[in-house]
Amino acid sequence: MSVGSIVLVVLVLAALGYFFGRRRAVAASAKSGVKLHSLSGYYGQTVALFTAVPALLLMVAWLFVQPIIIESRVSDMIPDSVIPQGGALSLVMSDVRQIAGGLDAVLANTELSEEALNSGEVDFTTIRARMAEVGVALAGDVPQEVYEAAKAYRQGADIGRLMMTVAVIGLALGLLAWSMRRIEPRMRARNVSENFVQALLIGSSTIAILTTVGIVFSLVFETINFFKLYPASEFFFSTVWNPQFRGGSDLGILPLLWGTLYVSLVALLVAVPVGLMIAIYLADYAGSTLRSFAKPAIEVLAGIPTIVYGLFALITFGPFLRDWIAQPLGLGSSSSSVLTAGLVMGVMIIPFVSSLSDDIINAVPQAMRDGSYALGATQSETIKRVILPAALPGIVGAILLAASRAIGETMIVVLGAGAAARLDLNPFEAMTTVTVKIVSQLTGDTEFASPETLVAFALGLTLFVITLGLNVLALYIVRRYREQYE
Amino acid sequence: MTDMTAATPAKSPSASEARTRRRNASERRFRLMGLIAVAIGVLALVGLLVSIFANGASTFRQTYITLDIYLDPARLDKSGARDIEEISKVSTFGYAPLIEDSLAAAMAERGLTGIDADDAADLISGEEPAMLRRYVLNDPSQIGETVEFNLLASGRIDGYYKGRVTMASAELDRNVSPEQLMLADELKEAGILTTRFNWDFFTNPDASDTRPEAAGLGVAILGSLYMMLIVLVLSLPIGVAASIYLEEFAPRNRLTDLIEVNIANLAAVPSIVFGILGLAVFINFVGLPQSAPVVGGLVLTLMTLPTIIIATRAALKAVPPSIRDAALGVGASKMQAIFHHVVPLAMPGILTGTIIGLAQALGETAPLLLIGMVAFVREYPAGPPEGFFDPASALPVQVYNWTQRGDPAFFERASGAIIVLLVFLLFMNLIAIILRRRFERRW
Amino acid sequence: MNMLSDAAAEKALVKKMNEVNYKMVGKDVSVYYGEKRALFDVNLGVRNNTVTALIGPSGCGKSTFLRCLNRMNDTIQGAKVTGLLTLDSKDIYDPDIDVVELRARVGMVFQKPNPFPKSIYENVAYGPRIHGLARSKAELDQIVEASLQKAGLWSEVKDRLQESGTGLSGGQQQRLCIARAVAVSPEVILMDEPCSALDPIATARVEELIHELRANYSIVIVTHSMQQAARVSQRTAMFHLGNLVEEDDTDKMFTNPSDQRTQDYIMGRFG
């Protein structure tokens, strides 16, 4: 049974459970003359919740665990001789999965029967032709063992699916019966179902933790694999980035980090002064007409997807910089450059800085301003001498958050900064960043055994650690700052 | 200001006046800097939008060539049995001559000469024979009839009428010659070649590198729609549930603190890291298919959750405690007070936050690149729910995809796609604003 | 929870309760908000069909005591209640007691009128609905009408039951809140400065209503206004700095209080 129909069955059972649970409660109350503790609907609700929720959770867990079990069993079937020199088991396993998928397609689209396949009547050459017919093209030679493993993989998946169907629907039915049985008028159905709902609420809020765990787990796991294939010291200290898909690559992170920091620096040099001045001007100076149209305009800037900025950098701003500034000055001939990406990214971060600064400046108590004005200070003197110093920690926090955003930004640098890893000072040169390289190493046909692919996870981990550090520091500073005025 | 400084007796009047002047000048400078900053912000927005619209607006008009095509049975169905199996054996190449002949006939009728039929046929998009074949296979009874078709002109011809291609550039171009452009002009005069609104852009799937004129957003729009559905269905209930717990029930303890810190940090984790998460967990670990909306939807859900949680908590906080007291006072349980009163009152705020979260998710590109949504997809995904597992593209990814192609006509398409994306976003934000205005409540 | 260990004291309490016909009794009630102690060993009873006024300067603990009577203090984080509180001789802080049921029996009206932003009808019908008091629409209509009658609001709103409760005037809103409390047929009604947000005319109307309600309910009212306490209550309890100073017949309290602090407060020397 497909996942969709299992879900449907469980939901129908739950709906029936609600209906009959409610009826049963009303009937029991009428028969025994005992008043129901809760409204009758709550009795139905307990049945429905107990029927649906555990069963669906079991199904989700099963979907996660089943592939792991099957993989480990099937991979035992593959002898070492089949694994190509220098390759890895995971590569062969991806072949196995592909063939298994192909077999499914063949069975679905041709007259070939399940029995014929499993009895071994059809040999692999026929199957291969059939697969090509239904649009599954296999690359390279496929050893007999791999074909057998693919068949076992399919069978495992089929059996697993059957077991899952039985287990999930069985669990739903079992809990349906159990929760029906325990209905009696004195049962505190409202409390039971409310506790159940509260457990669900708690479960939902732990998704945030699970996400973080998932991120850390996936990054660390593959990074360790990477460092098994490639020395960590080289990765962190080499100044050369030169991946070769035939092996023997140089994968030093330093030029990427340099590009990242350089672009971010340019972006911050634009965004911080402009953003800060916008916040100050709109809060303290602007008339209501200007504010009513400038404020939304700045907010719109924040709502525009980064791909739009990227495209702008690629087709308008980059060529403009090259034709009007870089080439006349003889500084470079590339339309993608640190300056292109940095300036466009600066514009992207302006609203971020200005709205954070706005919050922070507004947190400075009015009494402080009044005190300054009462001494005869001008508005700008009050801002420069009183408000900004008072708000400084908060603004530093805001700048750190902006920096973290600049470092993690992807699309603008993919389209605007270029792809060449370079340690250079000329801002009109194309350079590349950590995020650009994550994208280029992980898109296209990726095989998860080569250091050239796995390096992306190490880059991702580096990026994650840097941005996390900045965020935690910034949030800490901002929180401390807020507490000061609360 | 003058009063204050004048009241300082220690200084001579002229010195204090000069000082005041200096201070006022600095005040004006500061004010001007502020104004410049605002101007930079607004000009950046205007420049961004103008550039995108200037580049992309022409996407919505497309050059077509209208021809009567005789669906020759001698070529399409030699047996004459109208057997679909037989007809489908005629490949796309078998249809190209029909178009070529029809164009030649139209030219002859109007006395247009000086170019050989082969070159003339190059005015028409290479995509069209395939279209013709689909048309015939769809309705074989049309064989033998003469049917009028609006055929896409090739990208270069289209570019000629949009100013991208000129006679001078055609001299140097292998793909188009000045003679072909002149023919196009003559066809235009004859009314065969026209420029019209480009509906195909919204419905066509992507096209190959050499056929920008046929590339459309159909698959991308559908893929984005599927993902938004998944994001909405998952992130709204989970986000609201998490917010209710954190705002209304959670005791102050280590676990709560941990969750709070996590949410604050997830909101600031670079989007590409979520892409890595999706690739490692959903594709490699769970084994979901690449390029599938379901994976994109899950990744975007995780990204959107912090936004929704933050907005929902603010909305819940805005409901005054007196409402909770009122409900508890008549004997409602805490859960009843929250679900009967607090949540409905916070709903406009929750929905506004959700729409803004969805809008963010709709424009998100980087994580989708990593889970394989850049793949060249020409097939429409099936209807949901199976379609969630079929390969698809997404609007912002389609933009990225087109920027990576060689033909400059794709830049026009990319800008056009951005306009479509921005219109969607505008629409969503308008709904959010209306919701906020309509249901805003002052306590 | 400090259960009464002294059996003799408990017996004496029960005896006394039977004598004066107490509805609710607090014995050695103390309340802590985190580290801070807000109420010190208060002993106070609520009599049947009597209006008991709690008076005292701001922050004296009178509202805190009131909120103990229907366990609204449960909703405040870090609040802890010790001592014994009974309703019809049953401990209301007993783990077996469903707080929801308790609050249905001990209704509450708040300082600021807080109608739900729903229709007038829905405001009153909400309580009966969640407690399953009506088996049919007609029955519910009846409860709503009766409750609005009791709150003296029926004639003013009977033609606009579907209009929003928040559209009423302040005084009407407060009477709507009283109707809402009455609709679940409570035995005790707690009122936390119910007139402090109302103008004098609306206040007079609500006070009149309290007077009428005494026939069927025990009422505890917290008030800042000495005149109001004198006008509406039969018993008055004076709180000061978290202590119960004294509790007596209202007439006696206002003419001849036994404690100097009460006298000072009534004379307006502090507070």
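These legends walk through several close-up views of a predicted model.

**About the model.** Residues are counted from 1 along each chain as its sequence is written, while chains are lettered from A and ligands numbered from 1 in the order in which they are written. Because this is a predicted model, local features need pLDDT of at least 70 and side-chain atom pairs count only at pLDDT 80 or more, though totals for chains, interfaces and linings use all residues; side-chain values use heavy atoms, with hydrogens and water left out.

**View 1. The complex and its scores.** The predictor puts the ipTM of the complex at 0.88 and the pTM at 0.86.

**View 2. Where chain B meets chain A.** Here 78 residues of chain B touch 81 residues of chain A, contact being heavy atoms within 4.5 Å. Buried area is the accessible area (1.4 Å probe) that two parts lose on being put together, summed over both; for this pair it comes to about 6,800 Å², with 78% from carbon and sulfur atoms. On the chain B side, Phe30(B), Leu48(B) and Ile276(B) lose the most area to chain A, together 10% of what that side buries.

**View 3. Where chain B meets chain C.** This time 21 residues of chain B are in contact with 23 of chain C. The two chains bury about 1,600 Å² between them, 61% of it on carbon and sulfur atoms. Look for Leu328(B), Val330(B) and His341(B): in chain B they lose the most area to chain C, together 33% of what that side buries.

**View 4. Two helices of chain B, side by side.** Helix α15 (residues 293-318) and helix α17 (residues 334-363) of chain B pack at an angle of about 150°, with axes 8 Å apart. Helices are DSSP runs (H or I, at least four residues; strands are E, at least two), numbered from the N terminus. Axes are lines fitted to C-alpha atoms, for helices over the stretch in contact, and angles run from 0 to 180 degrees between N-to-C directions. Residues making the contact include Leu300(B) and Ile308(B) of α15(B), plus Val342(B) and Gly353(B) of α17(B).

**View 5. A stretch of chain B marked by UniProt.** An unreviewed UniProt entry lists "transmembrane region" at several places in chain B, among them residues 294-316. The end C-alpha atoms of residues 294-316 of chain B sit 30 Å apart, and the span is 100% helix and 0% strand.

Definitions and conventions. UniProt positions are given in the numbering used here, feature names are shortened, and annotations may be inferred rather than shown by experiment.
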